[in-house]
Amino acid sequence: CAGMKKGNLLLNLLIAGLLCFIWGNSLMTGAESGSVSGGILAWLGQFFPGLMTEEGHHFLRKAAHFSEFFLLGALCALRRERLGTGWSFGLNGFGLMTACIDETIQIYVPGRGSSLLDAWLDTAGFTAGAAVIAVGYAILKKRKET
């Protein structure tokens, strides 16, 4: 039981840290955010020169939205599975709420703006991450039964 509690504590800390990371990025000004993504794009451009375009920069920013929320969805679903509650629409509601808070923060930050498309992309990433964990657990459960 102690191992279960430590695992849940770790998941809670990872989820809280990821929320701080997501919302912290939203608190960056437009110039700061552009500088960070420009630096990442420059690094990736060494390996994928085709990314070094305006379209590549746009793709990178949208991929970041999806991937950070994918990870959040996977962590939240993993926590729910460990607690034995599994998948629920409430889980997706948490993902949507988190995405809406993320986009609302950006309304008030200089050089940033809110995007409904980004909120949907965030929610899709969250749902995809949670679905991967749910499917993985279902497969493991099926294998244990046979």
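This is a predicted model: local features need pLDDT of at least 70, side-chain atom pairs count only at pLDDT 80 or more; totals for chains, interfaces and linings use all residues.
## Helix α2

Helix α2 consists of 16 residues. From first C-alpha to last, α2 reaches 21 Å, which is close to the 22 Å expected at 1.5 Å a residue.

The buried residues in α2 are S33, S37, L41, L44 and G45. They lie on the same side of α2, because the arc they cover around the axis is only 105 degrees. In general, an α-helix has 3.6 residues a turn, so residues three or four places apart point the same way. The exposed residues A31 and S35 sit on the face of α2 turned away from its buried side.

## The largest pocket

Rolling a probe the size of a water molecule over the atoms shows where empty space is left. The largest pocket has a volume of about 540 Å³. Its lining is made up of 24 residues, and those closest to the pocket centre are N25, S33, S37, R61 and A64.

The largest share comes from α3, with 11 residues. By class, the lining of the largest pocket holds 8 nonpolar, 9 polar and 7 charged residues.

## The salt bridge

Side chains of opposite charge can pair when their charged atoms come close. In this model the count comes to 1 salt bridge. The salt bridge is formed by the side chains of K62 and D118, with an N to O distance of 2.5 Å. This pair links distant parts of the chain, since K62 belongs to helix α3 and D118 to helix α5, 56 residues apart.

D118 has a relative accessibility of 6% and therefore counts as buried, the cut-off being under 20%.

## A130 in helix α5

A130 is placed in helix α5, which spans residues 116-145. The relative accessibility of A130 is 0%, so A130 counts as buried.

A130 and L44 are 86 residues apart along the chain, and their C-alpha atoms are separated by 27 Å.

How values were computed. Residues are numbered from 1 along each chain as its sequence is written. Side-chain values use heavy atoms; hydrogens and water are left out. Helices (H or I, at least four residues) and strands (E, at least two) are DSSP runs, numbered from the N terminus. Buried means under 20% relative accessible area, exposed over 50%, partly exposed in between (1.4 Å probe, protein chains only). On a 1 Å grid over the protein atoms alone, a cavity is a set of points where a 1.4 Å probe fits but cannot get out, and a pocket is an open set with protein on both sides within 12 Å along at least five of seven lines; lining residues have an atom within 4 Å of a point. Grid points are joined across faces, edges and corners, and a volume is the space filled by probe spheres set on the points. Ala, Val, Leu, Ile, Met, Phe, Trp, Tyr, Cys and Pro count as nonpolar, Asp, Glu, Lys and Arg as charged, and the others, Gly among them, as polar. A salt bridge is a side-chain nitrogen of Lys or Arg within 4 Å of a carboxyl oxygen of Asp or Glu. The expected span of a helix is 1.5 Å times one less than its number of residues. The arc is that of the directions from the helix axis to the C-beta atoms.
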